[in-house]
Amino acid sequence: MANSKLRAFLAVARHGSFSAGARSIGLSQPTITTQIQALERLHNLELFHRRGRRAELSTVGRQLLPIAQQLLALEAEAEGLLRDSGTLTRGQLRLGAVGPFHVIEMIDAYRRDFPQIELSIRVGNSASVLADLENYVTDVGVLAGLHEDPAFHATLYARHPVIVFAHHEHPLARRDSIRLEELQGQPMLRREQGSTTRLAFERALSEREVSPRMIMEIGSREALREAVARGMGLGVVSEAEYIPGPQLKAIRLDGNPVHTETYLYCLAERRTSQVIATFLDCADQARLNRPASAS
């Protein structure tokens with residue numbers, strides 16, 4: 001199976017159409033269509049179901065997808081190793097993350113040591129970041145929380161206290177810190193189901209039998225920040241993700257009873273890949289150089 005046909009197949013699978021897939025790898029639509037059709041005729045099967053302008057993977061197409069991703073990822077790794085004799089003078093590292101926090105400092109540390117490596121960041125939720133790793137779309141994932149799965153190698157990067165933040169005229173905003181119990185009955189805004197910060201915060205509330213008045217669920221950090229700035233209620237956020245503003249006041253929780261953690265993930269079978277191993281090493285060095293209050 002020619003690698004050009006595999007690349008054509010992956011491009012269409014990732015973008016869901018022949019035209020978008022062709023643009024992504026710099027081919028014309030007739031060319032990529034011809035390559036896919038040649039692959040299908042050769043094996044007397046359908047890799048895609050055509051739905052107007054959309055191209056949906058067939059059953060065999062879905063089975064081929066992870067194999068094709070792995071083959072091309074391994075080919076790129078082998079070419080890089082042979083070309084650069086282990087010096088990492090060229091190549092690509094693809095990162096997946098749930099947000100920009102910490103990723104930039106990792107990239108900064110990596111680029112100082114390996115300036116020729118091309119870096120890219122793909123942002124999504126936890127499920128999509130892990131799926132991208134599993135499907136060889138990305139090389140390293142940066143996630144909040146530990147996901148127990150033998151398919152992945154996970155490394156703890158940082159632990160962050162969760163803080164409360166309030167409108168600057170809120171009565172609690174006169175304080176720099178409060179006890180968790182002082183949130184009893186307070187109107188609060190919370191993140192969506194599945195948010196790592198929400199899970200950690202609600203666990204701590206349950207353990208201490210504290211019951212704030214939850215008035216609204218908000219599905220993004222940005223919208224939560226805006227709602228708090230308008231005085232709609234208190235919010236909670238990982239200290240690493242807090243963005244100050246003139247309308248806001250950050251309030252620590254005494255004893256830091258709530259915290260979240262950031263982990264770096266890669267496929268366990270790729271842990272020894274040179275480009276991945278060097279990134280993990282650089283991230284570890286960046287972690288050691290972070291201020292003690294931020295670790």
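These are my notebook entries on a predicted model of one protein.

**Ground rules.** I number residues from 1 along each chain as its sequence is written, and my side-chain values use heavy atoms, with hydrogens and water left out.

**Overall.** I looked up the secondary structure and found nine helices and 12 strands, taking helices (H or I, at least four residues) and strands (E, at least two) as DSSP runs numbered from the N terminus. The C-alpha trace spans about 70 × 45 × 35 Å along its principal axes. Of the 295 residues, 44% count as buried, where buried means under 20% relative accessible area, exposed over 50% and partly exposed in between, with a 1.4 Å probe and protein chains only. Among contacts (heavy atoms within 4.5 Å) with a separation of 6 or more, I noted that 74% are between residues 24 or more positions apart.

I then turned to strand 1 (residues 48-51) and strand 2 (residues 54-57), which run antiparallel and are joined by four bridges; two strands pair if DSSP finds at least two bridges between them. H49 has E56 of strand 2 as its bridge partner. Two residues lie between the strands of this hairpin, in which G52 takes a positive phi near 65°.

N44 has a positive phi near 55° and lies in the loop between helix 3 (29-43) and strand 1; with a relative accessible area of 72%, N44 is exposed. E209 likewise has a positive phi, near 55°, and lies in the loop between helix 7 (196-208) and strand 9 (213-218); its relative accessible area of 71% makes E209 exposed.

**Cysteines.** How many disulfides does the structure hold? I found zero, a disulfide being a pair of cysteine sulfur atoms within 2.5 Å. The sulfur of C266 has its closest cysteine sulfur in C282, 14 Å away, which is too far for a bond. C282 is accordingly in no disulfide. C266 is buried, at a relative accessible area of 0%, and C282 also counts as buried, at 7% relative accessibility.

**Charges.** I recorded 35 positive and 34 negative side chains, with the centres of the two sets 5 Å apart. Lys and Arg count as positive and Asp and Glu as negative, without His or the chain ends, and each charge is placed at NZ of Lys, CZ of Arg, CG of Asp or CD of Glu.

Conventions:
This is a predicted model: local features need pLDDT of at least 70, side-chain atom pairs count only at pLDDT 80 or more; totals for chains, interfaces and linings use all residues.
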